[in-house]
Amino acid sequence: MQRNPLLIAFAVFYVLLAVLTWSQDVTRTPDGRTVLTFWHTYGDEETAMLKEIIAEWEKLPANAAWTIRPIRLPFDGHKPKIRTALTVGLGPDMARVDWSFVCELARRNACVDLGTLGFDKIKDQYVTGPLQTNFIDGKYQGIPEQTNCVALFYNKTMFRDAGLDPDQPPKTWDEFIEMGKKLTNAEKGIYAFGMDNTVWWSLPFFNGFGARLISEDGKKCLLASPEAVKAMELKASLFATHKIEAGAWRAGGTPPEQGFQNQKYAMIFTGPWNLPRFSASKLEFGIGLIPAGPNGTSSNVGGNNAVIFKAGKHHQACYDFLTYFTSAPVQAKWCMKLNQIPVNKGAYDLVQFEDKNLNVFLEQMKSTLGNPVVTSFEMLENVVNPEMETVLTGQKTAADAMRDAVRKVEEKVLTL
Amino acid sequence: MNQNAPLRVVAFVILLAGLIFLSSGVIGQLLKFGTMVVVSITHQPQTHPSFPDPATAKDLEAIAGRVLDAYLATTPEGVPDGFAADCPIGKDPGAWAAFVSSHRAEMGKGGARSLDKTASLLQPDGAAARLVYRMIFERNKKGLLAFDFARIDGAWKIKGIESGTHVTVMDRLEPFVNTASTLGVLVVLLMVLAKWLRTPVEGRGEFLKMLFLYEALTVGVIVVLFPFFWMFCTSFKASGTELIFNERNPFDIVANEPTIDNFKKVLKIDKPAVAGQADDLIEQKNNFSTFFINSLFVATTAAFLVTLFSAMSAYVFSKKELPYKNGLFGVLLGTMMIPGLMYMVPQFFMICQMGLCGTKLAMFLPHLASVFGVFMLKQFMDTIPSSLLEAARIDGASEWQCFTVVIIPLAMPIILTLFLLTFLFHWSNFLWQLIVTDFANPLSITLPVGLALFRGQYTSETGQIMAASCFSIVPIAVLFLIAQKYFIEGMTQGAVKE
């Protein structure tokens, strides 16, 4: 039989590949301690810091029997990974999850009620906004572990060019609109504001008007309340009436962050995660609080919570580690190293940031309200976002759209 | 024929204009890209020669000297309270405004520069000062340019420049690149002109058609390759600057301050290896090359086995007689109507029960039975004449020989197509591989899952993702290039009529 060179080449390549693949394997040696697995979604720098903190915790005499094994998952895939792992009983002892995922896990009866481990005694140490995202069906089912919120980023150069004081960002929505008109030059494609139009990104508007989206018992949608309608009307007016918003929320529109970086939008809402990027791009920018509505300034809550899984065997040890990790001194150390916002109120007095912009977020965080707690926040977004868009495009009035949104949310989201 | 000559000349001129436009764009960007690659290797951003050059520095020192001396002269004691270390020069806004307006001509040069009152300062001893200019950078960026001055021997000299504010190597090389690009365009133009002049008058119509065709094809190539070009260029951009565009020309996407840091970070060769603990070794090996090799192994094995099994079953369904063959085939096809996601959890459960979770075998084992592959190959094998098999059998061929000597070579084009499709599927299969990966052993991570690790919750390391993507397209490109040749061979081999 004639030898096929392609087949021979393939065989040689494949053998080499197999050898190379298996030569990668390295195994860990156990050290006799009981292993607690902690699934997280941190980046490189955070993971290194986490390992330091774990080492410090393990050195404490009370923790001599335990060792924490941090296991990194990609943030994009942590939800399906945890869902499927729990299904077959291969989940971790504890995990860091997106704040919106805690409710789903809790309602699947996967999380330990932290009240039974003593959390009720220390819950007041935590910042209110992130803490509320863990309060599900009358129980605390997670610990705030890392938090953030959005604030108003503004371009000082564009303020100066428009004859505005670059050190005085707008404090109220009236000021915002007034300054916005001076900053906008639609002919040149320059706008005062670029905004997203999803529920999470709209919470600063709703919260500023004192509107709650879901009732505390989780059974009613309150989007049709007068406060929520007014908040929506204000949001829509920035684009439709005052024409100071660029339409960044539209399909094909320049996203807010990109528009801000390219000096097309003078102001955007965004979070502390963009500070390094904007600084690296040599923008001259400042940060102010979200303009105040009738209920004052307020923002949304982002970040992650830590949950302990019922399927694990060592709930108390996990709880001890998580409370250590979120204690004031550890949070202060973590936040100063990584430029993050503490979840523990006690850490606020201990942190001193080199980047003074972060202090604005500390201030903003104090006035944040908890996000709506629903089993599937994605579903809430899927239902409400299109309704909000109809207001911005003028297809519906805010009252009509919010009424329709309430009906759909109560049908499709609150029944989950 | 001659009546069309003026029209042809007009068409030629229009096409030449198009040629100049296209070639200047393509040659210019390619030359800049090449320059960028070289500069990224020879100059890291922090080692780019500082702005300003000696002549400009002298000029700036003269301006700053006059400005600072004038400011000192406006104060009664020479060193007023406003010169405290933490106090900016312009504590009194009125005095500052008057001062700036009186020196605008010196500093401003048309208003492009002005002093920043909040950041400029003088030290209490009056011997050191920082002047912060707000200026338009030469290319597309607005920003601050901060100079530290010190009074040395009675004159103000530049002591330092804040890092990140400089004219880059790429800026300096731009005139040369532009000249080279112009020369390149001229060469292309001359070649086309020479060809035009050498072409007999009666052949010029055909020449114009070809020229038009080539220009149209070039446009097509640009459209197809632009995303790849964008990817390559972005992979050379420093973190945080990936989304900044040139205001004057948004298509000018070549990095102005290129760096190969993204490639180093992706391959984890930016830090020295740490010997010792197992965790460190794992961390060191937990990099893109491990993901790449794992994926290559998984995708190759899966593609080979799927193709082999599909070809064998397709042969049976196509050329052999067995009871209820068509019914069985219909049932198989029916399973294609059920979305694959429905199987995911049960398959994962079975894999875990088999103790395979976290192994490379788990990455592809449930996907080895490909109904789509069987269907595709069977449809092709139906077109192979059965008389060829009969002839082979008369010559004494066994069943296996019939399959390997007759069927496989004739079905090679479709087999390679299936190989490619399966390879592609497994090369980019994120969800299944995510679910079965044992993250406790990061060395089992494959490419799609590994790439997801570069994306954070709020921000992504776009430069690193693009650098990793540059590597990840290589196997696909190589496979296509190899397969392309065999497609053609296979097509001619299969050209048999019954």
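Student: Which hand does the crossing of helix 2 of chain A and helix 14 of chain A have?

Tutor: Keeping in mind that this is a predicted model, the crossing of helix 2 of chain A and helix 14 of chain A is right-handed. The contact is made by Glu45(A), Glu46(A), Met49(A), Leu50(A), Glu52(A), Ile53(A) and Glu56(A) on the side of helix 2 of chain A, and by Val330(A), Lys333(A), Trp334(A), Lys337(A) and Leu338(A) on the side of helix 14 of chain A.

Student: And by class, how many nonpolar, polar and charged residues does that contact have?

Tutor: The contact of helix 2 with helix 14 of chain A has six nonpolar and six charged residues, with no polar ones.

Student: At what angle do the axes of those two helices cross?

Tutor: The axes of helix 2 (residues 44-59) and helix 14 (residues 328-338) of chain A cross at roughly 155°, and they come within 11 Å of each other. Angles over 145 degrees count as roughly antiparallel, and therefore helix 2 and helix 14 of chain A are roughly antiparallel to each other.

Student: New topic: where is Pro166(A)?

Tutor: Pro166(A) lies in the loop of chain A between helix 7 (156-161) and helix 8 (173-183).

Student: Is Pro166(A) buried or exposed?

Tutor: Its relative accessible area is 13%, and buried means under 20%, so Pro166(A) is buried. Apart from neighbours within four places in sequence, Pro166(A) is in contact with Tyr154(A), Lys156(A), Phe159(A) and Arg160(A).

Student: What about sheets, in which order do the four strands of the open sheet in chain A come?

Tutor: The order is 8-9-7-10, and the pairing in this open sheet of chain A is mixed. Strand 8 (191-194) and strand 10 (285-288) of chain A are the edge strands, each pairing on one side only, and the twist from one strand to the next averages 20°.

Student: In which sense do strand 8 and strand 9 of chain A pair?

Tutor: Strand 8 of chain A pairs with strand 9 (residues 265-270) of chain A in the parallel sense, over three bridges, and Phe193(A) has Met267(A) in strand 9 of chain A as its bridge partner. Helix 8 of chain A packs on the sheet, where it touches strand 7 (151-155), strand 8 and strand 9 of chain A, and its direction makes about 145° with that of strand 9 of chain A.

Student: Last one, how many helices and strands are there in chain B?

Tutor: Chain B has 19 helices and five strands, and buried residues make up 44% of its 498 residues.

Technical notes. Residues are numbered from 1 along each chain as its sequence is written. Chains are lettered from A and ligands numbered from 1 in the order in which they are written. This is a predicted model: local features need pLDDT of at least 70, side-chain atom pairs count only at pLDDT 80 or more; totals for chains, interfaces and linings use all residues. Side-chain values use heavy atoms; hydrogens and water are left out. Axes are lines fitted to C-alpha atoms, for helices over the stretch in contact, and angles run from 0 to 180 degrees between N-to-C directions. Angles under 35 degrees count as roughly parallel, over 145 as roughly antiparallel, 65 to 115 as roughly perpendicular and the rest as oblique. A crossing is left-handed if the near helix is turned anticlockwise from the far one by less than a right angle, and right-handed if clockwise. Contact means heavy atoms within 4.5 Å. Ala, Val, Leu, Ile, Met, Phe, Trp, Tyr, Cys and Pro count as nonpolar, Asp, Glu, Lys and Arg as charged, and the others, Gly among them, as polar. Buried means under 20% relative accessible area, exposed over 50%, partly exposed in between (1.4 Å probe, protein chains only). Two strands pair if DSSP finds at least two bridges between them.
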